[in-house]
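Let's take a walk through this model together, one piece at a time. Have the sequence and the 3D view open as you read.

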Amino acid sequence: MKGRKKSKKYLLFAGLFIILTTGCNTINSNDGKTDSNTPISKNAFKLNTIVTITIYDSRDESLLDGALAVCDEYEQLYSRTLETSELYKLNNGLLENVNNNKSSWYVSDKLADILDKGLYYSKLTGGAFDITVEPVTSLWDFPAENPVVPAPAVIKEAVTRVGYKNLSLEGNTVTFKKDQMGIDLGAIAKGYIADRIKEYLVEQGVKSAMINLGGNVLCVGGKPAGDAFKVGIQKPFADRNEVAAIMEIKDLSVVSSGVYERYFIKDNTLYHHILDPSTGYSYDNGIISTTIISKKSVDGDGLSTSCFALGLEEGMELINSLEDTNAVFITEDYVLHYSEGFFDHIQVTETE
Amino acid sequence: MKRNDFILIAIILAIAAAGLIYLNFAKKSGDMVVVKVDGAVYKELPLNKDTTLEIQVTGGGTNFLVIKDGHAIIEDASCPDKICVHHRQIEKDGESIICLPNKVVVEIEGSKQNEVDAVAD
């Protein structure tokens, strides 16, 4: 009988052993979904692209929804194609006129603010970047199934309606000094909206997050353990997600512009979406991608297009003249060109 | 202690060890391919089982997903730009293939670490 008792004891120990080993393991093997170190993430199709928000230091899913709601709010203001947006109404003369002046309209504070930023970059580049390029951009449809090159005469006429000097912004009053002008915020809106999302997340106490608006990347802090985020630079024309270099980034924005994003080839000519406001056709100056690392994403967005427009030399000069701003340009020969002092600030690894 | 006690202990330990091995194995092979259409989960498939799936989206669009040898790829699609078809195969955690026109996301939830947290493009 003594043996029975002992064996019961062992049975108890063995049972405990099973619970301790396999029991714990079951929890851990749950795809890490219950692990508090796993980030929460959500993606949605917004702003004509895919928006992904990832939060590393909170389990509160409502923060993801709140961030996506910021996207919706601004899409309703800045979309060129959405017929209910404030920008669409401005471009089509549907807003309230100022003092019965048929070419002046009242705009909201939020539209006025981004127009101000857009005008800043238009002036900075002497019109190589121009937010009044809408008459030209609306002629091209790059993602179309059978894209067509618009007729030369049509492009020529549209170009005459482009020019930021004919756009005046005073407080909340916008005036078009020419007929049939239009504004396209496509080159800065994603950066501007990314900044607003970061503001929202920081206000909510988030210290570690990644905002990705279709490749317009903005980091909130670094990883929870203090490591930097690893942000890749898309390799031009390679399969999507193949990277040319990987950078270590904390709390900064990384924005790229490239000819490979939206383009088509017709009669051996590559037509891409970065259009020269003075000709109405794509830029062709040897650069195939620009990547800007900056504090504010709106600056990265505006500068990535601006540098494209200015070319390798002038573009690099512009970046080198700005504080806290770095850049990598990739030229047709697939060589990576870095701004002055790049390596003092950013750790980067080029891939094979 | 009697001989039977040792046998009992041995059996119990063997069961525990088998449980451990099974669970560890299940964990390693738990990589999933998550297909989402317009933000909602459409289908979840194991990455380690070769299969195909025709993703049908509202409005008649389709994307043809192929899972083979531990990779996922879109082999054909109805979208005009075919960016999803040109995307290289995916296998690492967080990697995704996106079709904007059809609002389709094919994403890996897995154990193979991705070398980047985001790609600027």
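Strands here are DSSP runs of E with at least two residues, helices are runs of H or I with at least four residues, and both are numbered from the N terminus. Before going further, please keep in mind that this is a predicted model, in which local features need pLDDT of at least 70 and side-chain atom pairs count only at pLDDT 80 or more, while totals for chains, interfaces and linings use all residues. Residues are numbered from 1 along each chain as its sequence is written, and chains are lettered from A and ligands numbered from 1 in the order in which they are written.

Strand 1 (residues 32-37) of chain B runs antiparallel to strand 2 of chain B, and six bridges join them; two strands pair if DSSP finds at least two bridges between them. Both belong to an open sheet of four strands in chain B, with the order 2-1-7-6 and antiparallel pairing. At its edges are strand 2 (40-46) and strand 6 (96-99) of chain B, each of which pairs on one side only. From one strand to the next, the twist averages 15°.

Elsewhere in chain B, have a look at B:T52, which sits in strand 3 (residues 51-56) of chain B. Is B:T52 buried or exposed? B:T52 counts as exposed because it has 11 C-beta neighbours inside 10 Å. The cut-offs are 20 or more other C-beta atoms within 10 Å of a residue's own for buried, 12 or fewer for exposed, and anything in between for partly exposed, with C-beta atoms placed from the backbone. Leaving aside residues up to four places away in sequence, B:T52 touches B:F64, B:L65 and B:V66, where contact means C-beta atoms, placed from the backbone, within 7 Å. B:V66 is 14 residues from B:T52 along the chain, and their C-alpha atoms are separated by 4.5 Å.

As for domains, whose bounds come from an automatic or database domain assignment, chain B is given domain 1 (1-30) and domain 2 (32-109). Taken over C-alpha atoms, the centres of these two domains of chain B are 39 Å apart.

Let's move to chain A, whose secondary structure comes to 10 helices and 17 strands. Of its 352 residues, 39% are buried. The assignment for chain A gives domain 1 (40-74 + 195-350) and domain 2 (85-176), with 24 Å between their centres, taken over C-alpha atoms. How many residues of domain 1 of chain A are in contact with domain 2 of chain A? There are 17, and they meet 19 residues of domain 2 of chain A. On the domain 1 side of chain A, helix 8 of chain A supplies the largest share, six residues.

Helix 4 (residues 109-124) and helix 8 (residues 297-310) of chain A pack at an angle of about 35°, with their axes 10 Å apart. Axes are lines fitted to C-alpha atoms, for helices over the stretch in contact, and angles run from 0 to 180 degrees between N-to-C directions. The contact is made by A:K117, A:Y121 and A:L124 of helix 4 of chain A, together with A:V298, A:G302 and A:S306 of helix 8 of chain A.

Note on methods
Contact = placed C-beta atoms within 7 Å.
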